[in-house]
Amino acid sequence: MSNPEDPNNNIPPQDDGPMLPPGQSSSAPLNREPDANSNSENGAQANPQNMGQNEENADKNLNLENSLTTDQNSSIQNANSNQTEKIYEMQWDCPQCGTKKLLGKTHRFCPACGNPQDPTKRYFPTEEEKVAVQDHKFVGADRICGYCNAANSAVTGYCTQCGGPMDGTEQVKLAHETPEPSAPEPEKKSMRAGLKWGLIGGAAAIIGFCGVFMFWTKTVQLEVTSQKWVRTIDIEQKRAVSDSSWCPAPSGAYNITQQREQNGTEQVADGQTCRTVNKDRGDGTFSQSQECSTKYKSVPVYDQKCYYTIDRWVVQRTLTSEGTAMMPVTWPSVPYLQSGNSLGSQREGTRTETYIVNYKVDDGSDNSCKYKSDNLWKAQTVGSKWQGEMGVLSSSIDCDELQKL
Ligand SMILES: [Zn+2]
Ligand SMILES: [Zn+2]
C-alpha cells in the first residue's frame, strides 16, 4: 500500500468533477470542487460520497439529455495526434429498475433507484442520443474494486463503495464498437489470398514448365544430310515516310501537324473517405474521431502528338547469296547504287551470314542447326555422324556441343 493518498479518507475526490449538465460547465471550465456549482443552484446535499446523485440533479440531467446533443463546444484538441476528437458519455441501463440510457460518467449510480453502475454493461449511444462531455480530465480507465466490484476512477486510492484499497485492481473491460457495415471484408481477404496463391502457383508452374522444356533432353545421333550457307545484304533507300511521336517532332521532320491525344493515365486525389471511430475510454466516456484516407481516381493524361513527314533510310530490298559447302562462301554482288543523301539515294545496309546444317536424327526425325559463323559448321560434312543432346519437348539440338562419332 504505497498509495500517497490519505488512508483515513475513504472518499478521495473523484476526478470526474461536478455532475454538471455539459451545456453549463463552460461557466466553470476547470472547476473540480465536487458539487460546488450544482449545490449553489439547488442546495442539495454536499456529500460527494453519494457521487452527487441527488435525484433532483439527476432528473435534470435526464431531461437535458435530449437537448444536449449539440457538440460544437465539446471538441478538444488531442495534443498527441493533433486531430479533433470529441468526448461523449457512454450509456448504461439499470438492471435493477430498468431505467435505460443512463450516462456513463454522470450517473455512477442509477438516479432512479441508487443501484451502482456496472461498468461492464456500458455501451455506445446512438449518434442522435450521444451527450457531449466538457472539461473532463481523462485520468485513465476505471478500475474494479476487488472487494465489492464497484467501478472507481483510476486515481482513486480506496473504493468509494466499500473503502477497500484500490491498488493492483483490474481495469474495466472496454466496450467494442459495433462493426461497420463493411462486414464482408474477411471474405474479400480470403479471395485475394486465394488469387495470390493462385498466381504464385501459376508462376511456379510456368517456371517449372520452362525448366522441363529447356533441360529435359535426350542424347541422339545425327547424320548430316546437307550443309548450306546464306549471306544477305540489305539495300536501303532514302524515302519520305510518315510518322508520329509525342512532340516535339524529331529534327528533320516537316509537314508537322499536332493534336491533343491521351498519353496514359495518372492517379489523382479525389477527396477522402472518412469513418467515425468511437473508442471507449473506460471511465464512462468515449472519444469520437474521424479516420480519413485519401481516395484516388484514374484520369487520362493528354499531350500533344506530332504527325509529320521525315526522310529516312528504309530497306528497299535484300540481296541474297547462298550455296552448299562445295561452293565458296561469297557475299552477293551489289549492283550500282545511287549514292548521296537526298531522297531516292541508296546505300548498303545490314549484312548477315548464316551457316546451316541439316540432319537425320536416329529417331527418324529431321532437324537442323544454324550458326553465325562457319567455325563449327565447316567440319559437319555431308554423311558425317554426330552425337548431341536434343530437347524432348522442344526438339532443339544443343548445336554448340556436338561430338563427332
Ligand atoms: Zn435503477
Ligand atoms: Zn469496493
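User: Before we look at this predicted model, what makes two strands count as a pair?

Analyst: Two strands pair if DSSP finds at least two bridges between them. Keep that cut-off in mind for strand β13, where G391 is the bridge partner of T217.

User: How do you know that β8 and β13 pair?

Analyst: Strand β8 (residues 217–246) and β13 are joined by seven bridges and run antiparallel. The cut-off is at least two bridges, so the two strands count as a pair.

User: What makes β13 and β14 a pair?

Analyst: Two bridges join β13 to strand β14 (residues 403–404), and these strands run antiparallel. At least two are needed, therefore β13 and β14 pair. In β14, Q403 is the bridge partner of Q387.

User: Which residues of β13 are on its covered face, and which are on the uncovered one?

Analyst: In β13 (residues 385–391), W386, G388 and M390 make up the covered face. The uncovered face has K385, Q387, E389 and G391.

User: Let's move to the sheet with β5. In what order do its strands come?

Analyst: The order is β6-β5-β7, in an open sheet of three strands with antiparallel pairing. Its edge strands are β6 (151–152) and β7 (170–171), as each pairs on one side only. Strand β5 (residues 143–144) is joined to β7 by two bridges, and R143 stands opposite Q171 in β7.

User: Why is G163 called partly exposed?

Analyst: G163 has 15 other C-beta atoms within 10 Å. Buried needs 20 or more and exposed needs 12 or fewer, so a residue in between is partly exposed. That is where G163 falls. You will find G163 in the loop between β6 and β7. From G163 to Y147 the C-alpha to C-alpha distance is 9.0 Å, and the two are 16 residues apart in sequence.

User: Why is H176 called exposed?

Analyst: H176 has 11 other C-beta atoms within 10 Å. The cut-off for exposed is 12 or fewer, so H176 is exposed. H176 lies in the loop between β7 and α3 (185–215). H176 and N278 are 102 residues apart in sequence, yet 8.6 Å apart in space, C-alpha to C-alpha.

User: What makes the phi of D135 worth a look?

Analyst: Most residues other than glycine have a negative phi. D135 is not a glycine, but its phi is positive, near 50°. D135 lies in the loop between β4 and β5.

User: Is the peptide bond from C247 to P248 cis or trans?

Analyst: That bond is cis, with omega near 5°. Most peptide bonds are trans. P248 lies in the loop between β8 and β9 (254–280).

User: Which residues have the most contacts inside the largest nonpolar core?

Analyst: They are Y88, M90, L102 and A132, in a core of 14 residues. Strands β2 (84–89) and β4 (102–103) each supply at least two residues of this core. A second, separate core has 12 residues, including L222, Y355, Y359 and I397.

User: What is Y88 in contact with, leaving aside its neighbours within four places in sequence?

Analyst: Y88 is in contact with K130, V131, A132, V133, T285, F286 and Q288.

Terms used
Residues are numbered from 1 along each chain as its sequence is written. Chains are lettered from A and ligands numbered from 1 in the order in which they are written. This is a predicted model: local features need pLDDT of at least 70, side-chain atom pairs count only at pLDDT 80 or more; totals for chains, interfaces and linings use all residues. Helices (H or I, at least four residues) and strands (E, at least two) are DSSP runs, numbered from the N terminus. A nonpolar core is a set of buried Ala, Val, Leu, Ile, Met, Phe, Trp, Tyr and Cys residues joined through C-beta atoms within 7 Å. Two residues are in contact if their C-beta atoms, placed from the backbone, lie within 7 Å.
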